[in-house]
Every structure is written in structure tokens, then in C-alpha cells.
Amino acid sequence: MLREQLIEIYNSLLERFGPQHWWPGETPIEIIIGAILTQNTSFSNVEKAIHNLKSQNLLSPEKLYNTETEKIAELIRPAGYFNIKAKRLKNLLNWLLENYQGRLENLEPVDTTQLREQLLGISGIGAETADSILLYALQRPVFVVDAYTARIATRHNLIEPPFDYFQLQSIFQNNLSEDVQLFNEYHALIVRCGKEYCRPKARCAGCPLEKLPHNIKEQSF
DNA sequence: GACCAGGCACATC
DNA sequence: GATGTGCATGGT
């Protein structure tokens, strides 16, 4: 039942928008940095910040970790919340350097559940950021949930509010096959559709999901 | 000028 | 355990 709905939504989104080729970043470490920078921030702002880091050749765990927090903050200023995000980047890099010699390859043998717990233990890494890192940088089959997902899920009656992150994530993970590429594309399509048609208070006119059952309930996290 | 954006931690009740 | 607040730039 739910599975059929989820697949129908996916197919509708894919038909309209086509493959999204996510994550919009070139390397795993760039994706990880982007995942922190995009917290409550539009990606166009994040791109400016990434560009600044790249121009200083700082997109490596060691180099960025050895950069003054104040300098990182200045470089990532366009992404907003720059002071706190500079600290969050350092927290994550510190974890990576301390436990894995700063090498993402060394994460490969680690069990996904355990890796997720470790990420959540880092100050500044919450559920969505952890899952974005797991899926998009580390190719783990974890479904990423965000504000758009919550909005679309409530509007299309996939789940009854109130619900939390884990409950919504379970809707997808328990009803779809555990497939990295599927989870990648599905979340990317949700964000694409969310940006264009499911903004807060926006009506659904023109949305590829317009003809599917929907209401105007709202919930975010 | 208000509202929003691919959140999270911390304070307070 | 639920609810409120600070963090901050840039686009619409």
C-alpha cells in the first residue's frame, strides 16, 4: 500500500524532473563539508563558501583542520551561521583525524549503524546531516529526511502528524528496497520538487504530485 | 521589508 | 519531554 504510493510519487517526480545527479559536490570530503554548511541554508550560499575554501586549497581534512577557526569562519561567511559552522567543521574533522587518521577510506570497514552513532556524537551533527554524509559521501543505504520530506509526506498522507525524524525515515526505509542509488535519487527529487512547488503555504499548482491525493497539513521538525 | 533556506544545540519550563 | 531561542547570509 504505502510502498505503491512511495513508488508512484518517485516515478512522478523522476518523470517530471529527470535524474538530479546528487550530491552537487565533486569529492566525498566536499560533500561532507557541504552537508554541514547547508544546515538551514540554501545551497546557492553554500556554493560560494565551498568556492572560497577551494580557492584556498583547503578541501582536505588535514589542511582545513589546521586552519584557524576564525579564518574558516571568514571564508564560509556566505553560508550563514559562519561562526558556529566553522566550529562544527572542526568538530567533525577532529573526529576524523583522531579516529581515522583523516582518511575517509578508513571508514569503509565500519558498520553503518555504528558510523551513524559516531557522527551523531559530534556536536553540530544531527540526524539529517549524519544521514546526508552517510548516503551521499559514504554510499550507505540510509534515507535522508528533511523539511521538504516532512512537508510532502504530510501533504500526501504518508504519515500522520505528529512524527519525528526517525518515524518519517522508517516510512521510506521500511517500504523501499535498500538501494543507495534509489535513496540518493529519491531524496534529491523531493528537494527539487520542494523548492519549486512545496514551499511553506505554497499551493500545489503545477506540482507533478498535484493529481495524487493531498491535503494542506503542515509539519516540520 | 518580510519571509524563507537541504538544522542543531542549548536554555527553560 | 515539549517548547522557545540564537545562530546569519543571500535570494525572492
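Near DNA strand C, the surface holds four nonpolar, seven polar and one charged residues (nonpolar: Ala, Val, Leu, Ile, Met, Phe, Trp, Tyr, Cys and Pro; charged: Asp, Glu, Lys and Arg; polar: the others, Gly among them). This is a predicted model, in which local features need pLDDT of at least 70, side-chain atom pairs count only at pLDDT 80 or more, and totals for chains, interfaces and linings use all residues. Residues are numbered from 1 along each chain as its sequence is written, while chains are lettered from A and ligands numbered from 1 in the order in which they are written.

The residues surrounding DNA strand C include Asn-40, Arg-77, Tyr-81 and Ile-84 (near: C-beta atom, placed from the backbone, within 6 Å). Two or more residues come from each of α3 (43-55) and α6 (82-100), and α6 gives the largest share, three residues (helices are DSSP runs of H or I, at least four residues, numbered from the N terminus).

Around DNA strand B there are 26 residues, of which Gln-39, Asn-40, Phe-43, Gly-126 and Thr-129 come nearest. Here the elements giving two or more residues are α8 (127-137), α9 (147-155) and α11 (180-197), with the largest share, four residues, from α8. By class, this surface near DNA strand B has ten nonpolar, eleven polar and five charged residues.
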